Amino acid sequence: LRLHVVGDFLRRGKPDTGYLTAIKRQVDQYVTAHNVKPTIFSFTHAWKHLVVARLRKYISLIASCDTLADVGLAVRRNFFVSWHSPDIDLTQAYTETPHGLLFNCANQRHGIKCVDCRVCWRMPERKLNGDTLPVIGVAFLTHN
């Protein structure tokens, strides 16, 4: 399940605690019933808010970054990163940054469906569990 095709975890600029609590409750209920964590992921610009960052215990949360400075901060906070830039070269598989290597979105590069790629779905959880990953995140060519 992907949360927020459009939108975020904020309400009027502050973390929507009611919504966040409801997500946590639903995940806890799912884990109790099925003995496994559900596959839920979301990109968020609200990753700097501590209340939102704590949601990583429940779902795969990807730090959506608009600047390289934010990419660096997200990496230091152990997030899997999504960086949006008009400077992504989609003829290349990766984008090098001062903070690490980003995988260039396979959908934007080749039209591969997200369901067939799943880098965004799987890598944040692996990173949070301590796996050493070859990339710090995914790069997306900024689009209108």
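**Reading burial, contacts and confidence in a predicted chain**

Biologist: In which element does S85 lie, and is S85 buried or exposed?

Modeller: A residue is called buried under 20% relative accessible area, exposed over 50% and partly exposed in between, with a 1.4 Å probe and protein chains only. S85 belongs to strand β5, and its relative accessibility is 3%, so S85 counts as buried.

Biologist: How are the elements defined, and in what order do they run from the N terminus?

Modeller: Helices (H or I, at least four residues) and strands (E, at least two) are DSSP runs, numbered from the N terminus. The protein chain has 6 helices and 8 strands, and their order is β-β-α-β-α-β-α-β-β-β-α-α-α-β. The radius of gyration of the protein chain is 15 Å, close to the 15 Å that the globule rule gives for 144 residues, so the chain is as compact as a globular protein of that length; that radius is taken over C-alpha atoms, and the rule is 2.2 Å times the number of residues to the power 0.38.

Biologist: What share of the residues counts as buried, and what share of the contacts comes from residues 24 or more positions apart?

Modeller: In the protein chain, 40% of the 144 residues are buried. Among contacts with a separation of 6 or more, 51% are made by residues 24 or more positions apart.

Biologist: Where is confidence highest and where is it lowest?

Modeller: The score to read is pLDDT, the predictor's confidence in each residue, from 0 to 100. The protein chain averages 90, and 94% of the residues score at least 70. Confidence is highest in helix α3 (residues 68-76), with a mean of 97, and lowest in helix α6 (residues 119-128), with a mean of 83.

Biologist: Which residues of α3 are buried, and what do the buried residues of α3 pack against?

Modeller: D70, V71, G72 and A74 are the buried ones in α3, and the buried residues of this helix pack against β4 (60-65) and β5 (80-85). Just after α3, N78 takes a positive phi of about 70°.

Biologist: Loops also need reading, so to speak: where does I59 lie, and what is I59 in contact with beyond its neighbours within four places in sequence?

Modeller: I59 sits in the loop between α2 (50-53) and β4, and with a relative accessible area of 1% it is buried. Leaving aside those neighbours, I59 is in contact with L3, F9, I23, V27, K37, I40, S42 and E125. P38 and I59 are 21 residues apart in sequence, with their C-alpha atoms 7.7 Å apart in space.

Biologist: Where does D89 lie, and how does D89 count in terms of accessibility?

Modeller: D89 is in the loop between β5 and β6 (94-97), and at 36% relative accessibility D89 counts as partly exposed. The C-alpha atoms of D89 and Q108, 19 residues apart along the chain, are separated by 10 Å.

Technical notes
Residues numbered from 1 in each chain as written. Predicted model: local features only at pLDDT ≥ 70, side-chain atom pairs only at ≥ 80, totals over all residues. Heavy atoms only, no water. Contact = heavy atoms within 4.5 Å.
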